[in-house]
Amino acid sequence: IIMKKDIVKIVLKSYKEYLKGLYGSSKVSTFKENAKMPIYSVYIFELFFNIYAFFQGFLFKGSIRKKKYIFVNSRFEDIICNLNKEDVVVMGGGKDLLFCVKNKIKFVWIGYLVKAFNIYYYYGRDGVYIKALTLIEKKVTISDHKSLLLWEDTLKVGLSFANLFNKNKLVDVICIQHGLFFLGSKVRPAGINSNYNFFIKDSQKKFINNSNSRNSCVIGLPYDITERPLFNKNIYLVGIGGLGTDDPIYLYSLWVYSKIYGEFIGSGYKVFYRPHPTENVNFCKFCFPDINIVPKKDLFTSSLSVYIGFNSTLLYEAMCFGNISIRINPVEDSININDFNTNLTIDEKDIKHIVNKLNKYIKNNDITYSYEENIGNRFVKCINLCRG
């Protein structure tokens, strides 16, 4: 219990530092945090969770003992489905349960973890959070060597798992990067709390202290596109996300995109705005007539297209599969700089030339689909490399 108390303090401190970097990078004057639940809900949850944890202590028989790979949520579907199902377990919530039932994969529910953390975060009551960590530890730490796969280790769930197991010799805590980092960002990058990192590209190593060939591997994009689509004259304006209508940098990006949208009217291109997951889609619909929220894998499968943005990893992903990526070089200094090149770069002041510049590029280049080695093979290579 004493060790768990140290862990929860570390997790709380790290999470607060992450929020400070995230919201401190914006010009929004204030960010108010409010308790997410009334106090009577806290007492009810604690009561029922204590009962649940008590019975789990008796009922759990180590059903994941022979599992080699523990994925914390089902985000990396392509990797999971490329592995032997007998070796895999997914720990998560309702959405992950549906994925596991569909694909006949072992599932362990951990839906209580975020609520337990919130009770500690907002009310300072660490008892139920410590009990949640203890229960998870019993489920994961049996006797066999395992790989624990995270998509983040800076948010509530990933932080909890990383700090609970990153000193356990029987568990390899691995962060599979889901996005690129940006130069000048004050947000702590994913992977800093894990023992191992699987990077999208080699240049990410410089963002994580002490990265080397023993604790990191370049896995590439963590999914496959097996179709070979043709080029279609679709334009996707890639939202930067942000803190909403009080965020001047976010509003600036929308203003620039509205100028780009205007340039493509009558050009023969169909223009869509693609919101970042953090954006309010209803607000975006007031700004642009056509909104696209199709899963990116489906988007890349349907056609080769043109992606325009500032600092999104989606620009890099699109380019990797043969799409055209255009970076807007902003006048606003606060928009972070990409750690990768795009097919085209255009200054904001030259947006009036964007259609001609794009047409010239298409005329002089063959726009075709590109293909990487199967993600299952790339994953196994990285696992073997990290295990020596």
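Hi everyone, here is a short tour of a few spots in this structure. It is a predicted model, where local features need pLDDT of at least 70, side-chain atom pairs count only at pLDDT 80 or more, and totals for chains, interfaces and linings use all residues. Residues are numbered from 1 along each chain as its sequence is written, and side-chain values use heavy atoms, with hydrogens and water left out.

Let's begin inside. Phe 76 sits in the loop between β1 (69–72) and α3 (77–82); helices (H or I, at least four residues) and strands (E, at least two) are DSSP runs, numbered from the N terminus. Phe 76 counts as buried because its relative accessible area is 5%. Buried means under 20%, exposed over 50%, and partly exposed in between (1.4 Å probe, protein chains only). Beyond its neighbours within four places in sequence, Phe 76 is in contact with Leu 150, Trp 151, Ile 176, His 178 and Pro 222, where contact means heavy atoms within 4.5 Å.

Now to Ser 147, in strand β4 (residues 146–150). Is Ser 147 buried or exposed? Its relative accessibility is 1%, so Ser 147 is buried. Setting aside neighbours within four places in sequence, its contacts include Lys 68, Asp 172 and Arg 387.

For contrast, look at Leu 47 in helix α2 (residues 39–59). Leu 47 is partly exposed, because its relative accessibility is 49%.

Last, the strands. β2 (residues 88–92) and β3 (residues 106–109) pair in the parallel sense over four bridges; pairing requires that DSSP finds at least two bridges between two strands. Within this pair, Gly 92 has Trp 109 in β3 as its bridge partner.
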